[in-house]
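Subject: Structure for your files

Hello,

Here is the structure we talked about handing over. Please open it alongside this message.

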Amino acid sequence: MDRRTFSLGAVATLSVSACGSSSARRFRSYNGPKVTSVVVNKGARRMYLMHNEQILKEYDIDLGFAPDGDKRVKGDGKTPEGTYWIDRRNPNSSYHLSLGISYPNSLDRAEAKAMGKEPGGDIFIHGEPNRNRRQARDPDWTAGCIAVKNEEIEEIYAMVTDWTPIALRP
């Protein structure tokens, strides 16, 4: 094998390895204590990953653009309050990974219907937008979701399984 062929092969191998490392970072693994619940304290702008009564991790969060009060209708910019489930995950989200929250439930739908409105939906825990990356983290910029830094959503995505309860408190 001549030196030129070896060099090109080595560069190609390194390039493929470099591409794989980004994906590996995005999809981390976790083998610690099970996350038994997620607790969001909207007023303090904090989210906690819990193992029973023990806090495993905590994060600063951003909320919907009108964060005070419970989400009632589509487009109100509020983040829901109450107990829900992590019910889905989206590795191809418009944001850097996302975990779905089971809002709206039957009570949420009934309350919105009584007002003659739609309850909205698509509430997630997610990272930053994939396009038009935000230079500064303005507080409370989402449409009602819970946002964290990209490195944090990678960790959360690995730690939290589907059907984990999430309590969203005022």
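Below are notes on its salt bridges.

Please keep in mind that this is a predicted model. A search of the whole structure finds twelve salt bridges.

Glu154 sits in helix H3 (residues 150-159), while Arg28 is in the loop between helix H1 (3-26) and strand E1 (37-41), so the contact ties together parts that are 126 residues apart in sequence. Glu154 has a relative accessible area of 1% and is buried, whereas Arg28, at 34%, is partly exposed.

Lys42 and Glu81 make another salt bridge, and here the closest N and O atoms are 3.0 Å apart. This pair also links distant parts of the chain, 39 residues apart: Lys42 belongs to the loop between E1 and strand E2 (46-51), and Glu81 to the loop between strand E3 (54-60) and strand E4 (82-90). Lys42 counts as buried because its relative accessibility is 2%, under the 20% cut-off. Glu81 is buried as well, at 18% relative accessibility.

Arg88 and Asp87 meet through their side chains in a salt bridge of 2.5 Å, N to O. Arg88 is partly exposed at 27% relative accessibility, and Asp87 is partly exposed at 22%.

Regards

Key
Residues are numbered from 1 along each chain as its sequence is written. This is a predicted model: local features need pLDDT of at least 70, side-chain atom pairs count only at pLDDT 80 or more; totals for chains, interfaces and linings use all residues. Side-chain values use heavy atoms; hydrogens and water are left out. A salt bridge is a side-chain nitrogen of Lys or Arg within 4 Å of a carboxyl oxygen of Asp or Glu. Helices (H or I, at least four residues) and strands (E, at least two) are DSSP runs, numbered from the N terminus. Buried means under 20% relative accessible area, exposed over 50%, partly exposed in between (1.4 Å probe, protein chains only).
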